[in-house]
Amino acid sequence: MAHPAQMGFQDAATPVMEELLHFHDHALMIVYLISTMVFYIIVAMVTTELTNKYILDSQEIEIMWTALPAIILVLIAMPSIRVLYLMDEINDPHLTIKAMGHQWYWSYEYTDYENLTFDSYMTPTQDLTPGQFRLLETDHRMVVPTDAPIRVLVSAEDVLHSWAVPSLGVKMDAVPGRLNQTAFIASRAGVFYGQCSEICGANHSFMPIVVEAVPLEHFEIWTAMMMEDV
Amino acid sequence: MLASRALVRGLQSGFWRRVSTSSGARAAHPHDVDVLDCSAPQYNNRPDTPWPDVPFVRNLSAEQKKLKEKEKGPWTQLTKEEKLAIYRLTHELSFPEMNKGSKEWMTVLGGIFYFLGFTALLVWWQRVYVYGDVPHTFSQEWVEKQTQMMIDMRVNPVQGFSNKWDYEKKQWK
């Protein structure tokens with residue numbers, strides 16, 4: 001989750017999110033360099049004492065400031081396409097989970113082996129135990145094993161929603177009547193929070209997503225416990 | 001009555017004269033001198049056009065014409081005052097006069113501060129009279145428990161939140 005007044009990304013919990021962080025650093029550095037140069041040029045133009053500014057031409061600088069932006073764009077595009085194709089890889093998942101969006105909660109279906117289905121409602125603020133996170137906690141978390149490719153099929157039962165968990169680098173729209181696929185590998189154990197990312201009515205801000213990544217043994221214990229309860 | 005000649009003449013001699021630049025208007029009032037024709041070259045005082053399209057004084061008096069004739073000869077025979085007068089014939093302002101600037105920035109800054117202050121007043125009023133209390137999860141006690149929970153859960157342990165907590169010494173780094 002984010003800490004108060006956080007400006008940057010949350011730490012990555014999947015390899016894809018790590019790659020996205022590195023690409024963002026690369027692109028942002030280029031943006032800083034260009035902005036600094038433009039700002040310097042503006043200040044220089046405004047404060048110059050030179051008078052004969054508009055009676056010259058120069059083919060060299062014109063070529064430079066046409067070719068250089070093209071080269072910079074290529075330098076941004078190359079890592080961007082690399083990450084895009086990385087996210088699209090065929091990944092042979094160990095587990096498939098269906099995340100269904102409703103107004104206003106998520107439901108998760110683990111139907112690979114047994115038929116485990118449960119709803120995940122936000123914990124209302126007055127029901128939080130002291131220290132819990134307001135508007136982020138849910139009654140049931142989506143538990144996944146670490147270091148295993150997980151496929152998530154996202155859909156919706158009524159209106160558009162979007163299943164997003166920033167630490168995992170995942171966001172996928174939940175469209176009624178459509179199955180959207182996304183995948184991730186949780187590289188570290190932990191609890192990762194996200195929120196619905198497509199306006200879906202009055203309680204759009206109050207249907208969070210909580211993913212808990214645990215080692216495989218603990219995941220198996222959890223599924224056994226959930227099957228007993230359900 | 002509204003189109004009476006007196007009313008029309010009153011309008012034309014005042015405000016309307018300034019904005020009406022059609023050739024019809026000029027033809028109707030050839031004695032008006034302050035109608036600007038933007039299709040003809042104009043004089044301007046700008047440091048980045050040091051040689052304006054036309055000289056400042058177009059219609060030279062007899063004395064000025066004599067000065068212009070004298071300019072065609074050797075310049076060493078011109079006095080300093082004559083040289084300055086020739087400059088002022090072709091240019092209205094010198095470079096220092098052009099670049100002098102004004103005290104307008106003080107007015108602008110004052111206006112900015114005034115509006116910032118007014119906005120601050122609105123924001124304060126809103127905080128006091130419109131907004132209710134913050135949720136109970138913002139209390140000191142809750143935030144302490146929440147921070148402890150975030151540390152225990154290892155939130156953002158790589159470079160973020162938990163990275164700044166020393167787990168051995170149990171204190172912030």
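Student: What makes the biggest open space in this model a pocket, and how much space lies in it?

Tutor: About 940 Å³ of space lies in the largest pocket. Keep in mind that the model is predicted. The word "pocket" is used because the set of points is open, whereas in a cavity the probe cannot get out.

Student: How do you know which residues line the largest pocket?

Tutor: A lining residue has an atom within 4 Å of a point. For the largest pocket, 26 residues make up the lining, with Ile41(A), Met45(A), Ile61(A), Met64(A) and Trp65(A) nearest its centre. Helix 1 (15-47) and helix 2 (59-87) of chain A each give at least two lining residues, and helix 2 of chain A has the largest share, nine residues.

Student: What classes of residue are in that lining?

Tutor: There are 18 nonpolar, five polar and three charged residues in the lining of the largest pocket. Met and Trp count as nonpolar, so Met45(A), Met64(A) and Trp65(A), among those nearest the centre, are nonpolar.

Student: What about the second largest pocket: which residues lie nearest its centre?

Tutor: Those are Val16(A), Leu86(A), Met87(A), Asp88(A) and Ala183(A), out of 23 lining residues. About 650 Å³ of space lies in this second largest pocket. Asp counts as charged, so Asp88(A) is a charged residue in this lining, which has 15 nonpolar, five polar and three charged residues.

Student: Which strand gives the most to the lining of the second largest pocket?

Tutor: Strand 8 of chain A does, with five residues. Domain 1 (15-47 + 56-88) and domain 2 (95-229) of chain A each supply at least three residues of that lining.

Methods: Residues are numbered from 1 along each chain as its sequence is written. Chains are lettered from A and ligands numbered from 1 in the order in which they are written. This is a predicted model: local features need pLDDT of at least 70, side-chain atom pairs count only at pLDDT 80 or more; totals for chains, interfaces and linings use all residues. Side-chain values use heavy atoms; hydrogens and water are left out. On a 1 Å grid over the protein atoms alone, a cavity is a set of points where a 1.4 Å probe fits but cannot get out, and a pocket is an open set with protein on both sides within 12 Å along at least five of seven lines; lining residues have an atom within 4 Å of a point. Grid points are joined across faces, edges and corners, and a volume is the space filled by probe spheres set on the points. Helices (H or I, at least four residues) and strands (E, at least two) are DSSP runs, numbered from the N terminus. Domain bounds come from an automatic or database domain assignment.
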